[in-house]
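Please keep the sequence and the coordinates in view while reading.

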Amino acid sequence: MPKILFGFIVLFSLGAFSNLAISSNVPDITSQQLHPEYWQSKLESNEVMAMKSKDIGAFNQQLFASNPHVVDPLASPIKLSKAELIANIKSISSIPSSARFYADGTQLSKQNFESYTANLNIEGVAQQNTVKFGLVSKRSALRTFPTLDKVFNEAMDLDLDRFQETAVFPGEAVAILHSSTDGQWLLVQNYNYLAWVQQSDIAIGDKKLIENYLAQDNFLVVTGAKVLTSFVPNKNAVSEVQLDMGVKLPLLHAKEQQDELYDQSTAGSYQVKLPTRNQDGSLSIQIALIGRTQDVHQGYLAYTPQRVIEQGFKFLGERYGWGHDYNGRDCTGFVGEIYKTFGILMPRNSGQQGKGAYGTNYRFDKNSTTVKKLSVINKMQIGDLIYIPGHVMMYLGEEEGQPTVIHDVKGLAYWTPEGEFFKGTLNAVSVTPLIALHLNETTSYVDRIYNIKRLTLNSVEGL
């Protein structure tokens, strides 16, 4: 069993991987370790995930049945009372208790917030409100209020737009609960979030049609960080549409496929059913082409340690995007998209994941000692998720007794061998040591770990 060493990693040369010097502010990580093959080569031949691929469907069913933060949007009631709808609106669009600022430093006034709340269309809520359903046609931001205005807290970190919540992706189903006063925004519920989305990115359709679309068992999964559909002249709805990791689109059955499409041979392409939006907002399912050289896979990936490592590294270096901002993702988006390629779904926010009962959980409280935490850290397996308040990391493996993680992270701090406290920025998907990382001069990441979660079929409290 590996032991934790409270020093810096002693690295060795491995011929299969280049170990060129790199300029980096990350301690104890070499260029070798920035390749998935390096970590894959350290796996034991008999190493497997704690949950088998055949268990994933049952895992998702249990999650939907037991976790309030994961829902089937198509199971939403077809009518909401006035009180129910207003409660939904206020659950996401409440005025914050702390001050907010625009990028120029101007503090939002009462009048500013009144303009945002006016667009919530509370006056338009009827005694009984019909719920509609739709499919996402384009990656789109989910927002706190129906506006693209960016606002920040007092720290004025312009990377953290406090109106940005998360994102929805092509092919996802949503329940449409309400529309904004200006008609440009919809309040939608997808499988793990409720917030405002631009109506131009949602195609409204018949619930049964959407159910049939999602139920098709012959599908393509995007396994690269980002994939584009093939270019089609004068057909923007299916041309170069961005598809992020984990997006799932039905494939055409053999009898539906065409030899030529959009003045192009389809021999080198997958033909998928892509939801598109008509001018009147209605749903139209059209055929899109995805080149066979694109990073995609027919059906979900096999759930193996090798694949988990491979998927994580496909995001390496992507800029951190709070709430999926900057056309990227944050720490939970990073984890969530990786696991969607295996068919595994999870709650959206780190607290909802870390505090959730699903999987095997090794929980710690303020009285938990470092020794107790290290005893669990020493037994971590590839893909285990490590939670501190507001953040999640994924375990990659260990080097000379030092556990290493990959995560989408903003800040970086640690004590140098010279006894100086270094504070810098990562702001990207990064490979880092775990033990060396600090939040401030007196508090390490290990000090703040409150859960280590292993995805397993049955919920277990590991301590």
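Two strands are said to pair if DSSP finds at least two bridges between them; helices (H or I, at least four residues) and strands (E, at least two) are DSSP runs numbered from the N terminus. By that rule, strand S19 (residues 360-363) and strand S24 (residues 451-454) run antiparallel and are joined by 4 bridges, and Thr360 has Arg454 as its bridge partner in S24.

The model is predicted, and local features therefore need pLDDT of at least 70 and side-chain atom pairs count only at pLDDT 80 or more, while totals for chains, interfaces and linings use all residues. Residues are numbered from 1 along each chain as its sequence is written, and side-chain values use heavy atoms, with hydrogens and water left out.

**The sheet**

The open sheet consists of 7 strands with mixed pairing, in the order S23-S22-S21-S20-S24-S19-S25. Strand S23 (421-433) and strand S25 (460-461) stand at the edges with a single partner strand each, so that one side of each has no neighbour in the sheet.

| Pair | Bridges | Residue pair |
|---|---|---|
| S19 and S24 | 4 bridges | Thr360 and Arg454 |
| S21 and S22 | 5 bridges | Tyr395 and Val405 |
| S22 and S23 | 11 bridges | Tyr414 and Phe422 |

The hairpin of S21 and S22 has 2 residues between the strands, and Glu400 takes a positive phi near 55° there. In the hairpin of S22 and S23, with 5 residues between the strands, Gly419 takes a positive phi near 85°.

Burial is defined by relative accessible area, with buried under 20%, exposed over 50% and partly exposed in between (1.4 Å probe, protein chains only). S22 is mostly covered, since 11 of its 14 residues are buried. Leu412 lies in strand S22 and is buried, with a relative accessible area of 5%. Counting contact as heavy atoms within 4.5 Å, and leaving aside residues up to four places away in sequence, Leu412 touches Asn25, Val26, Phe422, Lys423, Gly424, Thr425, Leu426 and Leu437.

**Helices against the sheet**

Helix H7 (residues 331-340) lies across strand S20 (385-388), strand S21 (391-399), strand S22 (402-415) and S23, running at about 65° to S21; axes are lines fitted to C-alpha atoms, for helices over the stretch in contact, and angles run from 0 to 180 degrees between N-to-C directions. The buried residues of helix H6 (residues 305-313), among them Val308, Ile309 and Phe313, pack against helix H1 (36-40), H7, S21, S22 and S23.

**Cores and cavities**

A nonpolar core is a set of buried Ala, Val, Leu, Ile, Met, Phe, Trp, Tyr and Cys residues joined through side-chain atoms within 4.5 Å. Of the 63 residues in the largest such core, Tyr303, Tyr339, Phe342, Ile344, Ile386, Ile452 and Leu455 touch the most other members. A second, separate core of 58 residues includes Leu186, Ala195, Leu249 and Val272.

On a 1 Å grid over the protein atoms alone, a cavity is a set of points where a 1.4 Å probe fits but cannot get out, and lining residues have an atom within 4 Å of a point. The largest cavity is lined by 20 residues, of which Tyr191, Asn192, Gly336, Glu337 and Arg348 lie nearest its centre. H7 gives the most to this lining, with 6 residues.

Key: 1 Å grid on protein atoms, 1.4 Å probe; cavity = no way out; pocket = protein on both sides within 12 Å on 5 of 7 lines; lining within 4 Å.
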